[in-house]
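Thanks for coming. Let me put the structure up, and then we go through it piece by piece.

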Amino acid sequence: MNSVLKISELHVSVGETPILKGVNMEIRQGEIHALMGPNGSGKSTLAYALAGHPNYTVTEGSIEIDGVNVTEMEPNERARLGMFLAFQYPVVIPGVKVADFLRHAVTNVRNPDRKEGEGLIGMREFRKEIRERMTELGMDLEFARRYLNDGFSGGEKKRMEILQLAMLQPRFAILDETDSGLDSDAVRVVSEGLAKLAGPEMGVLIITHHERLLEFNPPQFTHVMLGGRIVETGDAALAHDLHANGYATVRARHPEADADNARVEAAAAV
Amino acid sequence: MPGWKLPPQFEDSREHRLQDQWFELRFKIKITGKAGFLWKRTMSTDAPVKTDVKSNVEFGSYKYGFHDSMDNYAFKSRKGLDAEIVRQISELKGEPEWMTDFRLESLAIFESRPMPSWGGDMSDLNFQDIFYYMKAANEQETSWDDVPEDIRRTYDRLGIPEAEKKYLSGVKAQYDSEVVYGSLQEDLSKQGVIFTDTDSALRDHPDLFREYFATIIPPGDNKFAALNSAVWSGGSFIYIPKGVKIEFPLQAYFRINSQNMGQFERTLIIVDEGAAVHYVEGCTAPTYSSNSLHSAVVEIVVKRGARCRYTTIQNWSSNVYNLVTKRAMAYGDSLMEWIDGNLGSKLTMKYPAIWLMEPGARGETLSIAFAGHGQHQDAGAKMVHCAPNTSSRIISKSISRTGGRSSYRGLVKIQKGATNCKSNVVCDALILDPASRSDTYPYIEVEEQEVSIEHEASVSKIGEEQLFYLMSRGLSEAEASAMIVTGFIEPLVKELPMEYAVEMNRLIELQMEGSVG
């Protein structure tokens with residue numbers, strides 16, 4: 001079955017401030033979507049809202065996976081339904097080893113009906129698998145014994161996100177500026193890693209300012225976000241055009257959304 | 001001056017601090033060299049915390065809530081404390097006259113001292129409502145098979161035999177007031193190591209015993225040291241001869257097992273020049289409804305070039321007053337380490353101390369406290385620098401939840417003449433819900449110049465971003481909380497012998513998960 005992630009008329013507020021103002025999008029397994037837009041347009045807000053961050057309140061609209069409304073679900077319930085967010089700023093968890101964390105996560109995601117306290121997946125099979133994935137991503141096996149993101153460089157953190165993506169094999173992966181803050185080698189590693197992982201079983205939403213990630217993972221759809229809504233949708237050529245020429249023409253075509261965007265940007269600057 | 005290198009367990013502790021918090025307080029004091037400087041500071045932090053966390057995890061709930069019947073005690077003193085009881089204890093043990101006198105003098109000191117007005121609330125502690133001596137079996141046992149059935153059953157539930165087979169080198173399992181089971185590997189005794197219960201040591205090694213007993217912590221040190229000196233029973237006595245290094249930890253399990261029964265064990269460890277030992281004790285206690293008192297004294301001498309590590313994991317039931325005096329004297333170029341984990345109890349007041357007596361001595365304390373509902377952990381450490389070129393380090397971590405209160409109370413003292421000393425104190429507190437509390441009371445007294453003292457403290461909530469990150473990977477809120485807490489105490493757990501580490505992590509998991517269902 002071809003799964004689908006359906007976002008309908010999504011309105012999201014952070015505190016009292018509305019950020020998303022009616023986002024519509026459909027992502028099918030096997031598709032790659034690019035989401036672009038200037039600062040303050042709401043790209044990361046969409047990512048967090050999809051993953052279920054408690055500070056991002058859905059005020060209208062819905063998020064559905066195969067017709068199941070997940071809008072009110074906890075983040076872990078969404079993860080068990082196949083949602084994955086690669087964080088722009090991965091969080092440090094001191095004292096928790098990567099391997100221990102991932103074994104727990106993989107167990108839960110693969111056995112959605114698991115009760116707390118029930119056994120984890122076998123150590124031997126897990127070790128074998130994580131070693132293979134790490135080798136494929138060119139990661140030092142020592143990473144598995146380090147504390148999660150603790151003392152990691154920017155590139156190491158992003159690679160750790162890709163490792164989690166590889167282990168959890170979600171149906172829908174949202175990559176929130178996974179290529180930001182990386183040198184070109186690291187961007188290449190992450191891009192190639194994603195290219196290996198994305199396939200007919202995975203729907204991907206790539207949020208990016210840059211083009212490199214999209215070179216390795218050419219999108220079928222490019223969405224432009226401005227002022228909390230999707231103002232244009234095209235193909236890979238649109239992404240290329242935006243990189244080359246910036247957002248000036250898009251802003252000019254959508255003055256009302258542009259004004260909204262400017263307000264959010266101004267508020268963020270204070 | 002030889003370079004001061006941190007042992008590995010402390011190297012990356014700064015990185016362990018939780019990094020994204022709703023609330024964080026951190027202060028840093030650095031003192032460098034002011035002649036005749038005397039300074040004290042008290043600080044209290046009641047952390048404001050957000051209220052929308054649904055953290056209903058269960059800490060301090062008591063797992064080992066079983067107990068054996070009370071019928072099989074060979075002897076039980078009447079309740080209460082007076083000279084007659086003290087004489088009776090001494091007589092029953094067949095002690096020499098000097099010990100009887102010592103006990104009676106200690107009782108007089110105990111009675112003359114007021115209750116401490118600081119620390120925790122002891123208003124419903126009634127010294128006359130406690131049994132001060134009980135004996136579970138008449139004979140000292142040497143083999144597991146000889147241990148009475150119901151006592152063995154209790155240890156079975158605590159996993160002692162397996163633990164012994166696999167890890168233990170010598171078990172001193174204290175059952176109520178008296179050691180009933182003990183074994184010691186032969187090669188240890190061949191090396192001249194003495195590992196016995198303290199009562200036997202008084203009988204079998206009287207000269208060595210008397211040379212050190214109560215020299216580190218005299219009865220007049222504090223009210224509870226005086227109480228212990230008057231009614232002490234059981235505990236471990238360890239002597240490691242010059243140059244002997246014990247590769248594996250020596251361990252003792254003990255527990256309180258009768259209502260209103262005080263436990264007053266007395267431990268004395270002498271590590272002779274160039275020797276090394278790691279001693280481990282762990283306690284679990286059944287749950288009872290009325291108050292129970294545990295007041296131990298631990299004295300340690302670490303001679304020149306020797307090393308001693310003393311690891312404690314205590315998990316008292318939530319009606320126990322745990323009032324313990326622990327002190328080590330560390331001589332030239334020696335290393336003393338306290339590793340101290342406090343779970344449970346109604347009130348714990350415990351500040352393991354290290355007196356750095358000669359140049360090159362080092363002291364380290366790593367402590368973790370959990371305070372659950374109705375519990376107050378008032379714990380910390382004391383470092384007294386009596387000689388130049390000595391160094392100390394204190395790392396204290398506390399977790400408060402469901403209305404529990406944890407306090408760090410610590411002293412760093414640099415005495416006159418103790419130049420070129422270094423001390424570093426790090427306190428991290430984790431508060432899991434708005435009803436819980438954490439305080440920090442660091443005392444610093446410096447009477448010398450050219451010293452370096454650092455103090456850092458942080459208070460954190462379980463980070464919302466941390467919870468979200470872990471939950472977005474499929475972990476439930478309880479699982480994510482347990483994982484964050486487990487990570488928080490990892491610096492201590494990784495220093496524990498394996499079965500303690502396993503038990504510690506299991507306790508946390510059970511307590512965090514148990515609340516959900």
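**Two chains, element by element**

Start at Gly52(A), which sits in the loop joining helix 1 (43-51) to strand 4 of chain A. A word on the basis: this is a predicted model, local features need pLDDT of at least 70, side-chain atom pairs count only at pLDDT 80 or more, and totals for chains, interfaces and linings use all residues. Residues are numbered from 1 along each chain as its sequence is written, with chains lettered from A and ligands numbered from 1 in the order in which they are written. Helices (H or I, at least four residues) and strands (E, at least two) are DSSP runs, numbered from the N terminus.

Is Gly52(A) buried or exposed? Gly52(A) counts as buried, because it has 24 C-beta neighbours inside 10 Å. The cut-offs: buried takes 20 or more other C-beta atoms within 10 Å of the residue's own, exposed takes 12 or fewer, partly exposed is in between, and C-beta atoms are placed from the backbone. Neighbours within four places in sequence aside, Gly52(A) is in contact with Met73(A), Glu74(A), Pro75(A) and Arg78(A). Contact means C-beta atoms, placed from the backbone, within 7 Å. Ala79(A) is 27 residues from Gly52(A) in sequence, and the two C-alpha atoms are 9.6 Å apart.

Next, the sheets of chain A. One is open, with four strands in the order 2-1-4-5 and antiparallel pairing. Pairing needs at least two DSSP bridges between two strands. Strand 2 (17-28) and strand 5 (68-69) of chain A are at the edges with a single partner strand each, so each has one side without a neighbour in the sheet. Strand 4 (residues 56-65) of chain A pairs with strand 5 of chain A over two bridges, antiparallel. There, Ile65(A) is opposite Val68(A) of strand 5.

The other sheet is open too: six strands, order 6-7-8-3-9-10, mixed pairing, in chain A. From one strand to the next, the twist averages 20°. For angles and axes, lines are fitted to C-alpha atoms, for helices over the stretch in contact, and angles run from 0 to 180 degrees between N-to-C directions. Inside this sheet, strand 3 (residues 32-36) and strand 8 (residues 203-207) of chain A run parallel, joined by four bridges. Leu35(A) has Ile207(A) in strand 8 as its bridge partner. Which helix packs on the sheet? Helix 8 (residues 236-245) of chain A does, touching strand 3, strand 9 (221-226) and strand 10 of chain A. Helix 8 makes about 45° with the direction of strand 9 of chain A.

Now helix against helix. In chain A, the axes of helix 3 (residues 98-110) and helix 5 (residues 154-168) come within 10 Å and cross at roughly 35°. Leu102(A), Ala105(A), Val106(A) and Val109(A) of helix 3 meet Gln164(A), Met167(A) and Leu168(A) of helix 5. By class, that contact has six nonpolar, one polar and no charged residues. The classes: Ala, Val, Leu, Ile, Met, Phe, Trp, Tyr, Cys and Pro are nonpolar, Asp, Glu, Lys and Arg are charged, and the others, Gly among them, are polar.

Between the chains, 28 residues of chain A and 29 residues of chain B make the contact. On the chain A side, helix 2 (75-80), helix 3 and helix 5 each give two or more residues. Helix 3 of chain A gives the largest share, five residues. That side holds 16 nonpolar, eight polar and four charged residues.

Over to chain B. Chain B has 13 helices and 24 strands. Of its 517 residues, 56% are buried. Strand 15 (residues 335-344) of chain B is mostly covered, with ten of its ten residues buried. Strand 13 (residues 307-316) of chain B runs parallel to strand 15 and is joined to it by ten bridges. Strand 18 (residues 362-371) of chain B also pairs with strand 15 in the parallel sense, over eight bridges. Leu335(B) in strand 15 is opposite Arg307(B), and Leu335(B) also stands opposite Arg362(B) in strand 18.

Last item: helix 11 (residues 464-471) and helix 12 (residues 477-493) of chain B pack at about 120°, axes 9 Å apart. Questions, please.

Conventions: Contact = placed C-beta atoms within 7 Å.
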